[in-house]
Amino acid sequence: MKKSKLQILTNGIIKENPVLVLVLGTCPTLAISTQAINGIGMGACVLVVLTCSNIIISALKKIIPDTVRIPCYITVIATFVTIVQLVLKAYAPALDKALGVYIPLIVVNCIILGRAEAFANKNSVVDSALDGIGMGLGYTLTATVMACIRELIGSGTLFGATITANLFSPFTILIMAPGGFFVFGCLIALVNKLTKGKVKEKRVNKCLTCPGAEFCNEVQEGGCDK
Amino acid sequence: MSSGKHLKGVHVNHSKNTAGMPIIPMPVPERVYIPMSMHIGAPCQPVVAKGDHVKVGQLIGDCDKPVSAPIHSSVSGDVESIEQFMTQNGRVDTNIVIKTDGKQEIAETVVPPVINSREDFIKAVRASGLVGLGGASFPMSIKYNTKPGQVDTLILNGAECEPYITVDHAAMLAYAQDMVDGMRTIMKWLDIPRGIIGIESNKPDAIAKFNEILAGSTDISVCTLRQVYPQGAERVIIYECTGRHLIAGKLPADVGCIVSNVTSVLKLQQFLTTGMPLTTKFLTVDGNIVAKPQNVEVPIGTMICDLIEHCGGLTGEVKKILLGGPMMGRAIPRDDFAILKSNNAVLCFDEKFAAQRKETACINCGRCVAGCPMNLMPARLSRAFKDKDIDALREYNVMSCMDCGCCAYSCPARKQLNFEIKQAKTLVMEDDKKKKAKAEAAAAKEAAKAAEAEAAKAAAEAKEGGNK
Amino acid sequence: MADKHTNLIVSAAPHVCNPTDTATIMRDVVIALIPALAVSTYVFGIRAILMTVICAAACVFFEWASRKIMHRENTIGDWSAIVTGVILAFNLPVGMPFWMAIIGCFVAIVVVKQIFGGLGQNFANPAIVGRIALFIGFATPMTTWSVTKNMSQAIINNAGVDAVTGATPLAMWNAGAELPSNLEMFLGTINGSLGEVSALALLIGGIYLVVRKVISPAIPCAFIGTVAVLSLIMGFDPIFQVCAGGVMLGAIFMATDYVTSPITTSGRIIFGIGCGIITMLIRAYASYPEGVSFAILLMNILTPHIDSITRSKLNGVEKKGAKK
């Protein structure tokens, strides 16, 4: 089934959210989502790298030999990551410092490699660009939401501005690793609820576990009400 | 007790309300319904026809398969019909319905058997129609047909560890001498040097009685068992009396033991002296709504409702009827089933007792592990069963469960552990069967292939030979 | 023929059961905790009771609410939430703000217990995780100990803290300050978390539980024994180490939590020894003054593995695999 352009774009935001549904690139997400601004910054970096690498890989998909495609992807991705990192260093040194090693690590981020492998090398350049933007937005959204929750509860601030920190002591465990996993889990649960709704209950033949089954005439008929 | 160690178990409330009551014979009912399958093994075929007149002790059903026990009429009267209907085991079975004439004439065939050899003895045991009366209903002739020298201990099971039931106790008090004589006869013909009578310590009068009879004799001793359920289970009583472990899948004879219920030996002795086969059964009738709880001697084939009527009827609305004790007994849906050879109690309870207990989550407390006489881990088995994890079930030795119910009794979450394990055992057995069939199919395929190759080779050789 | 009775209840054997059920077990645990609560009320004042009641109520509420939201059967009748609440309260400093304690209850009941499937499914003791979450999340209030009524001025001065707060014996020990006598430590007229101060009261509760067959003595004995032996080896005062901090409370009430401790006796002994070793290692070498809760949490996580290596052996079968 061919998807419309809009579907490709919106796919990554909730339905196939790279972090919460595909569960890709969780390591940097958990690590950087301690402050909302980091979430947005990281998201933006991923968005740019993902879109650009998707376009290039999609354009080169006929040229890249299948056997060495992964090194080729990495080269393409690394190029864009280097560009992004240099730009950050020049214009937003504070953010660069906060994100630290996670910017260069985008090179091996599963989301980007995953989309290159799963989408860009099979689809047209335009579609790949839209997919990159959609996935990038999904990532940004997730990282930002996680970071907002963790920052607000864990340090009582939002985007660096003091919100509740003066009112009561913040619950600092949320900006530590366990809190990250907890928020991550909650968000996955929320997205599952939004996309899949209620889980169907498994139907079991109650006769199999009924001690009275051997006296029961209804066994063959697929069970009774008891 | 040859070793200081004991198997685990649980302490249950004895509720032996009928303790000390003698066994009173019940008058024959109007009709008896005798099913043709009262033992483990092949069912019998009726040897009487509709309209035949039968007498007490007359053979009415038999089977030529080795694992079976013949069936005798428990009354005198006329065969009214031979019908198919459900028995208390939940199986549809052939039943001989006999309308009694109340005369209770003894059949001419009832004469003491002549025994000159071990083979004669085994034949006589089979002719007595006896099955394991403790509840297993395993034909006794099979149990006693051991290799000479294989068995060195005969254990008489008088533990009666189930709550409520007192009928073995009453029988021991009334017929102790016959039981000891029976033991000696068995030991003589089967060449067993040692006899042990295992009795739970809550029956001091029975222990005293046997000690009195056995004073001075060296061949038979009394072993006092602790008051821990399930002392009467075969594997437990063997361990408690001899210190030998009986592993699942083995027979008591494999560890040099034969275990017989006290009434089995008593009935055998009576058969050997009078020729009267197994036609009546000692039963405890009890429960919180039975008007006159008592121990009765009931003709086999009597309807449970007739029996309850004989015991004064019920004082409340019955919600649960158990055949056997409350730990291992079976609940039956109706009371118009006939009493079989293997029954030893009929217990009737009202709503309060029968109320189903709600199952809650396992809290891993370990009470089931602490109570399991077989040293299993019922909680793990239950989890593996829920996951349908057959490998884990095997790993945790599911087949070693003997269904004693200690785990479920002690479970604070009210989980029906032993019922789940029972189902798990079926699961494993089915899997075994499947695997066996698969292996057989594979072997057959392999054999066919080999045969084909062989044939081809032979053909080629023949061809070659021809060419030469 | 006599009257027929049909439609009787058919159920699997056994048809009788032990009167002990989950609720009575949990109730016994609550009863066993009462002496310790009495002592802490004597030591810390009425706020100790208030804290306990609030935690228990919060746990019951969270249990009820999360079951409701998840459309599961209501399970507050099994008393387990109350036990978690009381034990969590016992692990908190008495001066802790109530709203923080309630967050701890949320972590314990919702995050650790209900999200994993409710009673019996939690991988770690809810009260311990609740305490650790609070300890990490609110480090300052969790280590601010209010002064007990009869704490001597000398100790406060030695520990170098201001007049409204005191230090726990373990913190003093870590700081090398003068320690309370062993008798004080045993009776509980010392500072510390709400319920852990009196070794005597906890011991009474523990004996009650053992007598009622609610807990087996394997874990507490192994735990406390290991702590004592290791303190001797390390050159510390064993009585002080056993009575200080949460060893008694942890060994008797938290390490013995059925769900998160091994099921066989040998497994329980390994579990107790492991708890003792980790506790002493943290006390002696780590930056935290107290390590009981971390020790129990770590051993909780090891429990499935301990269980699988200490499976009970089948009777009469010597080696695994000997039987067909």
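The model is predicted: local features need pLDDT of at least 70, side-chain atom pairs count only at pLDDT 80 or more, and totals for chains, interfaces and linings use all residues. Residues are numbered from 1 along each chain as its sequence is written, while chains are lettered from A and ligands numbered from 1 in the order in which they are written.

**Stop 1: chains B and C**

Show both chains. Their contact takes 53 residues from chain B and 38 residues from chain C. Two residues are in contact if their C-beta atoms, placed from the backbone, lie within 7 Å. On the side of chain C that touches chain B, 17 residues are nonpolar, 14 polar and 7 charged. Ala, Val, Leu, Ile, Met, Phe, Trp, Tyr, Cys and Pro count as nonpolar; Asp, Glu, Lys and Arg as charged; the others, Gly among them, as polar.

**Stop 2: two helices in chain C**

Select α2 (residues 47-69) and α4 (residues 98-114) of chain C. They pack at an angle of about 40 degrees, with axes 9 Å apart. Axes are lines fitted to C-alpha atoms, for helices over the stretch in contact, and angles run from 0 to 180 degrees between N-to-C directions. Helices (H or I, at least four residues) and strands (E, at least two) are DSSP runs, numbered from the N terminus. Display the contact side chains, including C:Phe62 of α2(C) and C:Phe106 of α4(C). This contact divides into 14 nonpolar, 2 polar and 2 charged residues.

**Stop 3: strands in chain B**

Move to β5 (residues 59-62) of chain B. Strand β3 (residues 45-46) of chain B runs antiparallel to β5(B), joined by 2 bridges. Strands pair if DSSP finds at least two bridges between them. B:Pro46 stands opposite B:Gly61. β5(B) also pairs with β6 (residues 71-72) of chain B, antiparallel, over 2 bridges. There, B:Gly61 stands opposite B:Ile71.

**Stop 4: backbone exceptions in chain B**

Most residues other than glycine have a negative phi, and most peptide bonds are trans.

- Select B:Tyr164, in the loop between β9 (153-158) and α3 (167-190). Its phi is positive, about 75 degrees. B:Tyr164 is buried, with 28 other C-beta atoms within 10 Å; the cut-off for buried is 20 or more, with C-beta atoms placed from the backbone.
- Go to B:Asn397, between α11 (390-395) and α12 (406-410). Phi is again positive, about 60 degrees. B:Asn397 is buried, with 23 C-beta neighbours inside 10 Å.
- Finish at B:Tyr229 and B:Pro230, joined by a cis peptide bond with omega about 0 degrees. B:Pro230 lies in the loop between β11 (220-225) and α5 (234-242).

Terms used:
A residue is buried if 20 or more other C-beta atoms lie within 10 Å of its own, exposed if 12 or fewer, and partly exposed in between; C-beta atoms are placed from the backbone.
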